[in-house]
Amino acid sequence: MLREPTEMEIGGLGEVELPLGVLAEAGLGPGSKIVAYSAGDGRLVLRRAEDAVAELVETGDLS
């Protein structure tokens, strides 16, 4: 399902609030562990930690 893009602002301490609908669609909720990394060209990737670790173990890389 494609969601309509939502514009957010980065706060003075670097914080960003993500819409609950986006988090729920990604299977994330309060207490979820995530991994964040830059994918270049101004893109940031947020992944469930268990998925990122599994991919790193399988392929040796995060894509």
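**Ground rules.** I took helices (H or I, at least four residues) and strands (E, at least two) as DSSP runs, numbered from the N terminus. This is a predicted model, in which local features need pLDDT of at least 70 and side-chain atom pairs count only at pLDDT 80 or more, while totals for chains, interfaces and linings use all residues. Residues are numbered from 1 along each chain as its sequence is written, and side-chain values use heavy atoms, with hydrogens and water left out.

**Entry 1: the strands.** I found L46 in strand 2, which spans residues 43–48 and also holds R47. Strand 1 (residues 34–40) pairs with strand 2 in the antiparallel sense over six bridges; I called two strands paired if DSSP finds at least two bridges between them. Which residue of strand 2 is the bridge partner of Y37? I noted V45. The two strands form a hairpin with two residues between them, and D41 in the turn has a positive phi of about 50°.

**Entry 2: L46 and R47.** I counted residues as buried under 20% relative accessible area, exposed over 50%, and partly exposed in between (1.4 Å probe, protein chains only). L46 is partly exposed at 46%, whereas R47 is buried at 18%. I then listed contacts, meaning heavy atoms within 4.5 Å. Leaving aside residues up to four places away in sequence, R47 touches K33, I34, V35, Y37, A52, E55, L62 and S63.

**Entry 3: helix 2.** I looked up the buried residues of helix 2 (residues 49–59) and got A49, A52 and E55. They fall within an arc of 135° seen down the helix axis, so they line one face; the arc is that of the directions from the axis to the C-beta atoms. These buried residues pack against strand 1 and strand 2. On the other side of helix 2, I saw E50, V57 and E58 exposed. Just after the helix, G60 takes a positive phi of about 80°.

**Entry 4: charged pairs.** How many salt bridges does the structure hold? I wrote down two, taking a salt bridge as a side-chain nitrogen of Lys or Arg within 4 Å of a carboxyl oxygen of Asp or Glu. R47 forms one with E55, their closest N and O atoms being 2.6 Å apart. E55 is buried, with a relative accessible area of 17%. D51 and R48 also meet in a salt bridge, at 2.6 Å from N to O. I have D51 as partly exposed at 30%, and R48 as partly exposed at 31%.
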